[in-house]
Amino acid sequence: MGDDYVISEIEKHHIQFLLEQNKRADGRILSEFRKIAIETNYVQKAEGSAVVSIGDTQIIAGIKATLGSPFPDTPDSGVITTSAELSPLASPYFESGPPAEDAIELARVTDRAIRESHAIDLSKLCIVPGKLVWILFIDMYVLNDDGNLFDAATLASMAALATTKIPKVKIISEEPLETEILEEELEPLKIDHYTVAVTTYKIGEYNIFDPNLKEDQISDARITFGFDEQDRIVSMQKGKLGIYTPEEVKTQVRECLNVSKSLRKELMKAISK
Amino acid sequence: MAGDGTVQLIDEKGKRVDGRLKDELRPTEIKIGVVKNADGSAEIRMGKNIIIAAVYGPRELHPKHRALPDRALIQCFYRMSTFSVNDRKSPAPSRREKEISMLLSDALTSVVLTDKYPRTTIDIYIQVIQADGGTRCASLTAASVALADAGVPMRGIIAAVASGLANDIVVLDLFDLEDQKGSGDMPLGYCPTLNEISLLQLDGVFTLEQFDECLDLSIEGAKRLYDIQTNTLKQRYADIRAEVAVDEDDEVKEELKEQLNDEVKEELIEQLKEEPKKEEVKEEPKKEEVKEEPKKEEVKEEPKKEEPKKGDE
Amino acid sequence: MSEVKVKNHEIVIPGDLLAEGSLKYGDGVIRRGNLYYSTIVGLFQDRGDYIQVKALKGKYLPRPGDLVIGKVVEVGLTNWIVDVGSPYSAVLSANNATEKRFDPVKDDARRIFNVGDIILTKIISFDRTRDPQIITNERGLGKLRGGRLVEIEAAHIPRVIGKKGTMINMVKRLTRTQIITGQNGRIWVQGKKVEDELKAIDTIKKIELEAHTQGLTDRIREMLSNNQEENEV
């Protein structure tokens with residue numbers, strides 16, 4: 001349907017009042033996350049998959065691997081490409097049709113964290129340099145939107161990648177190029193970095209983590225940071241119309257880094273099962 | 001799809017590749033309320049199929065000129081996730097998805113009491129998470145449950161299953177391999193309480209005897225699925241002990257009719273003047289409830305059935 | 001001569017056969033010949049003289065005379081579009097909004113009600129051909145300022161009000177708040193202290209959660225009285 005979500009003044013005041021008390025409508029404090037659940041290997045037909053729930057927000061990420069040609073300027077690298085769909089299945093405020101800005105932003109921010117952190121060594125996806133590489137598709141679908149899609153998206157993508165298994169490729173001949181995919185011989189995708197994204201949201205003068213839908217909608221600005229397991233910052237994106245002072249940014253990156261550790265803990269717990 | 005019959009799909013003992021006998025359904029499970037934002041939703045697992053159906057509506061339709069003046073539009077959108085099949089499916093809507101969306105919309109339109117909500121749309125979104133044959137049928141089965149969960153009034157609930165030919169033997173509920181390599185496939189959507197078939201397709205090569213046998217077997221399978229749908233819906237509310245709430249409900253309606261009198265209105269006026277309300281708590285007038293009267297006139301029987309259905313195969 | 005096929009208060013689903021014969025019937029029932037079927041998932045009610053199925057879930061359907069709490073979602077030149085939580089948006093036209101005459105040349109609709117305002121309104125008409133029309137120019141109706149909002153299923157409003165208003169009056173008294181219940185499931189709460197408002201809201205949510213259980217009124221009274229004692233200590 002794509003109706004705009006109108007939040008009443010009364011509801012806005014309610015949220016702001018609670019923030020002043022370091023509280024939120026569901027009893028959490030400002031820095032608290034809702035319950036996180038990660039289920040991997042959800043879709044057997046996919047090379048990798050994961051469903052992540054943060055509170056009532058739910059996203060599924062699926063990984064498909066296909067053989068293809070590398071990009072001409074990176075002949076020894078495999079390819080990863082990330083997409084996201086905000087289907088009207090997940091919310092009365094999503095519209096049908098090809099991915100709009102929001103979906104594209106979600107995909108690109110998630111992609112940036114994974115790519116820039118070198119979570120996967122793309123050269124390991126190369127089969128015949130210059131001719132044949134694995135192309136990994138990371139496709140995400142939002143199953144229910146209750147705020148904070150960014151953090152859920154990266155968590156789902158990483159959980160899916162970390163449990164992905166790709167078949168071995170046998171090269172029968174190089175000229176002409178003939179290969180055989182050994183469907184039965186699966187190898188786990190090697191993960192070099194366990195990247196996690198944490199988004200901080202600004203409502204007035206308050207900064208919160210993991211907003212629900214209403215909080216997300218009334219937030220003035222947000223910054224999504226990507227961190228690797230060595231506490232390095234690998235990606236950053238500010239969204240929405242509001243602004244941050246330099247001091248605020250420095251404070252927030254440290255707060256987010258702190259939070260990233262517990263998110264990573266959830267990730268590692270889920271993929272080690 | 002029509003295969004060439006060279007793959008052995010069923011052995012001499014009547015066992016199929018996945019261990020089932022010819023008249024066995026795949027293990028099926030339905031969960032309700034899986035999409036919190038939706039007005040109604042259901043997830044079905046049928047063998048390896050994992051499909052989510054989410055219902056939004058009745059709600060307003062944009063653009064308004066597409067709305068029907070005297071009833072609700074039923075719009076079903078069937079989509080397959082890229083990773084739901086072995087070879088990644090392109091995210092762009094395919095012709096197959098559009099056709100299936102239409103078939104599902106038509107089938108559901110035949111049972112929904114659309115004249116109760118003129119000028120609205122009831123949108124059903126189907127997301128195939130994993131596909132393993134018979135997804136249009138499993139989608140229809142899930143969509144019916146999701147509509148019931150949403151409180152959309154219907155004449156009955158539809159269950160759907162595809163039967164077909166495996167090595168020329170009629171089998172129930174084809175899974176992907178049988179669909180691909182078998183020689184015939186007949187998806188069927190059926191409402192047992194109405195004895196109505198609302199979705200029907202066929203491809204392959206069937207003799208008349210095989211045709212009849214397939215149809216009967218599908219109906220039998222649909223009835224079993226219907227039992228699963230019924231149990232799932234009733235289980236959801238099984239813990240309600242109704243007596244107390246129900247009686248109070250009716251009495252309350254009687255009381256409320258009498259409460260909005262002048263004295264009480266005066267108080268409300270005082271309270272709701274332009275200034276912010278700071279006064280102490282006062283009694284609130286209760287809202288008048290329009291009384292519920294048993295319908296004396298006849299409810300119109302069924303929605304129009306004479307319309308030619310689009311997409312007849 | 002009629003025969004009812006289902007036990008009173010049993011859960012039924014669309015298509016279930018309820019009764020046979022010649023009966024009066026209400027919501028959730030459809031008649032075909034001399035057979036009566038359920039059209040929804042709900043509680044079958046055999047009231048002796050008529051049968052109906054009570055929906056356990058479902059959107060609010062406007063009825064003329066209903067008092068509802070709406071949210072303004074759009075402001076036009078001479079009207080407002082108001083979300084009342086039903087499949088149809090309600091329309092509030094300028095001449096139904098204020099006591100004074102509205103002059104589109106001089107008056108600005110946004111000064112009366114703006115997007116995001118919460119208003120107490122009454123439905124004056126609703127039929128199959130038009131969206132529901134609402135008014136705010138009767139005494140008692142209009143913009144609700146301050147306070148807090150809670151939304152529950154419209155079907156549970158009678159339970160929140162209780163027999164002869166017992167439940168809601170008790171909540172108001174014991175939380176020292178003013179509460180306005182809209183038929184559409186929206187409830188507005190205002191008290192002198194914010195804690196009181198929050199307590200009232202939590203209580204209402206609890207009532208909804210346990211709407212179908214026995215002894216709820218007593219449990220709520222006990223819960224509120226205990227808290228009150230604690231606060232006064």
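How much area do domain 2 of chain C and domain 3 of chain C bury between them, and what percentage of it is on carbon and sulfur atoms? The answer is about 670 Å², with 59% of it on carbon and sulfur atoms, where buried area is the accessible area (1.4 Å probe) that two parts lose on being put together, summed over both.

The model is predicted, so that local features need pLDDT of at least 70 and side-chain atom pairs count only at pLDDT 80 or more, while totals for chains, interfaces and linings use all residues. Residues are numbered from 1 along each chain as its sequence is written, chains are lettered from A and ligands numbered from 1 in the order in which they are written, and side-chain values use heavy atoms, with hydrogens and water left out.

View 1. Chain C is divided into domain 1 (3-55), domain 2 (67-143) and domain 3 (148-232), the bounds coming from an automatic or database domain assignment. Taken over C-alpha atoms, the centres of domain 2 of chain C and domain 3 of chain C are separated by 28 Å. To their contact (heavy atoms within 4.5 Å), domain 2 of chain C gives 10 residues and domain 3 of chain C gives 8 residues. Leu67(C), Ile69(C) and Ile118(C) are the residues of domain 2 of chain C that lose the most area to domain 3 of chain C, together 62% of what that side buries.

**View 2. Polar and charged pairs between domain 2 and domain 3 of chain C.** Across this interface of domain 2 of chain C and domain 3 of chain C there is 1 salt bridge, a salt bridge being a side-chain nitrogen of Lys or Arg within 4 Å of a carboxyl oxygen of Asp or Glu. The interface of these two domains of chain C also holds 5 residue pairs in polar contact, both residues at pLDDT 80 or more; a polar contact is a pair of N or O atoms within 3.5 Å, where within protein one must be able to donate a hydrogen and the other to accept it, and residues adjacent in sequence count only if both atoms are side-chain atoms. On the side of domain 2 of chain C that touches domain 3 of chain C, the elements giving two or more residues are β9 (67-75) and β12 (118-127) of chain C, and the largest share, 5 residues, comes from β9(C). Strands (E, at least two residues) and helices (H or I, at least four) are DSSP runs, numbered from the N terminus. The residues of that side of domain 2 of chain C divide into 6 nonpolar, 2 polar and 2 charged, with Ala, Val, Leu, Ile, Met, Phe, Trp, Tyr, Cys and Pro counted as nonpolar, Asp, Glu, Lys and Arg as charged, and the others, Gly among them, as polar.

**View 3. Salt bridges of Arg186(C).** Arg186(C) meets Glu151(C) in a salt bridge, at 3.5 Å from N to O. Arg186(C) lies in strand β17 (residues 186-191) of chain C and Glu151(C) in strand β15 (residues 148-151) of chain C, so this pair ties together parts that are 35 residues apart in sequence. Asp83(C) and Arg186(C) also meet through their side chains in a salt bridge, with an N to O distance of 2.8 Å. Arg186(C) is buried, with a relative accessible area of 5%, buried meaning under 20% relative accessible area, exposed over 50% and partly exposed in between (1.4 Å probe, protein chains only).

View 4. The side chains of Arg20(B) and Glu178(B) form a salt bridge of 3.9 Å, N to O, which links distant parts of the chain, with Arg20(B) in the segment before β1 (28-32) of chain B and Glu178(B) in helix α3 (residues 176-181) of chain B, 158 residues apart. Both partners are buried, Arg20(B) with a relative accessible area of 4% and Glu178(B) with one of 0%. A network of salt bridges links Arg16(B), Asp18(B), Arg20(B), Arg26(B), Asp173(B) and Glu178(B). Chain B has 6 helices and 10 strands, and buried residues make up 54% of its 313 residues.

**View 5. The salt bridge of Arg34(A) with Asp210(A).** In the salt bridge between Arg34(A) and Asp210(A), the closest N and O atoms are 2.9 Å apart. Because Arg34(A) lies in the loop between α1 (9-20) and β1 (36-40) of chain A and Asp210(A) in the loop between β10 (206-209) and α4 (213-218) of chain A, the pair ties together parts that are 176 residues apart in sequence. Both Arg34(A) and Asp210(A) are buried.

**View 6. The interface of chain A and chain C.** Here 9 residues of chain A are in contact with 15 residues of chain C, and the area buried between the two chains is about 930 Å², of which carbon and sulfur atoms give 68%. Val6(A), Ile10(A) and His14(A) supply 57% of the area that chain A buries against chain C, more than any other three residues. The interface of chain A and chain C has 0 salt bridges and 3 residue pairs in polar contact, both residues at pLDDT 80 or more.
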